[in-house]
Amino acid sequence: MPTFVYMTRCDGCGHCVDICPSDIMHIDTTYRRAYNIEPNMCWECYSCVKACPQNAIDVRGYADFAPLGHSVRAVRDEEKGVIAWRIKFRNGKKDLSLLAPITTKPWGKYIPQLRDVPAPTQEQRDSQYLYNEPKYIRMDDGGIHTLETNGLKIVEGVQY
């Protein structure tokens, strides 16, 4: 089951939008609340659930720790360094709480230095590991695409 946003809890901060690897969490322009625009494309990675400071996002837990018909609420406590997973069973009687340490870096602390990463060599581009990649990343014309070649500019606040 993909993510589900409780509109009454969401304050439209956009943390889920920023962290979603599938780019499917968006902010509704009318109501200023987050929602999943493509539920079928949700990886159920829990990134948005853990990033939401309002605990407004629910998601189905995996079958290895929760049965069908349950709800999962994740609460990230930065001060204690833990994420509490509360699983409520469908009969409403059983409750299970799990604690896990936060293993990710604090929000905004990890900035990849992509500009220091060397470009792949022609041999790497021709290897089987990148088979079929050049046509999708448009490297088949021989050049590496950069911001300048794509007509883009560096924007303040965005890390490349």
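Buried here means under 20% relative accessible area, and Y46, with a relative accessible area of 8%, is buried. Keep in mind that this is a predicted model. Here's a quick tour of its side-chain contacts: the structure holds two aromatic pairs, a search of the whole structure turns up one salt bridge, and the disulfide count comes to zero.

**Aromatic pairs**

- A pair of aromatic rings is described by the distance of the centres and the angle of the planes.
- F4 and Y6 make an edge-to-face pair, with 4.9 Å centre to centre and 90° between the planes.
- F4 is partly exposed at 43% relative accessibility, and Y6 is partly exposed too, with a relative accessible area of 29%.
- Y46 and W85 form an edge-to-face pair, because their planes sit at 85°, with the ring centres 5.3 Å apart.
- Y46 comes from the loop between β3 (34–36) and α2 (47–51) while W85 belongs to strand β6, so this pair ties together parts that are 39 residues apart in sequence.
- As for accessibility, W85 counts as buried at 14%, and Y46 is buried at 8%.

**Charged side chains**

- The salt bridge joins the side chains of E78 and R76, at 2.5 Å from N to O.
- R76 is partly exposed, with a relative accessible area of 24%.

**Cysteines**

- Buried or exposed, where does C52 fall? C52 is buried, with a relative accessible area of 11%, whereas C13 counts as partly exposed at 38%.

**Strand β6**

- I87 is found in strand β6, which covers residues 82–88, and W85 lies in strand β6 too.
- I87 is buried, with a relative accessible area of 0%.
- The C-alpha atoms of I87 and R73 are separated by 6.6 Å, though the two residues are 14 apart along the chain.

Note on methods
Residues numbered from 1 in each chain as written. Predicted model: local features only at pLDDT ≥ 70, side-chain atom pairs only at ≥ 80, totals over all residues. Heavy atoms only, no water. Disulfide = S-S within 2.5 Å. Buried < 20%, exposed > 50% of the residue type's maximum accessible area, 1.4 Å probe, protein only. Helix = DSSP H or I, 4+ residues; strand = E, 2+ residues; numbered from the N terminus. Salt bridge = Lys/Arg side-chain N within 4 Å of Asp/Glu carboxyl O. Phe/Tyr/Trp six-rings, centres within 6.5 Å; stacked < 30°, edge-to-face > 60°.
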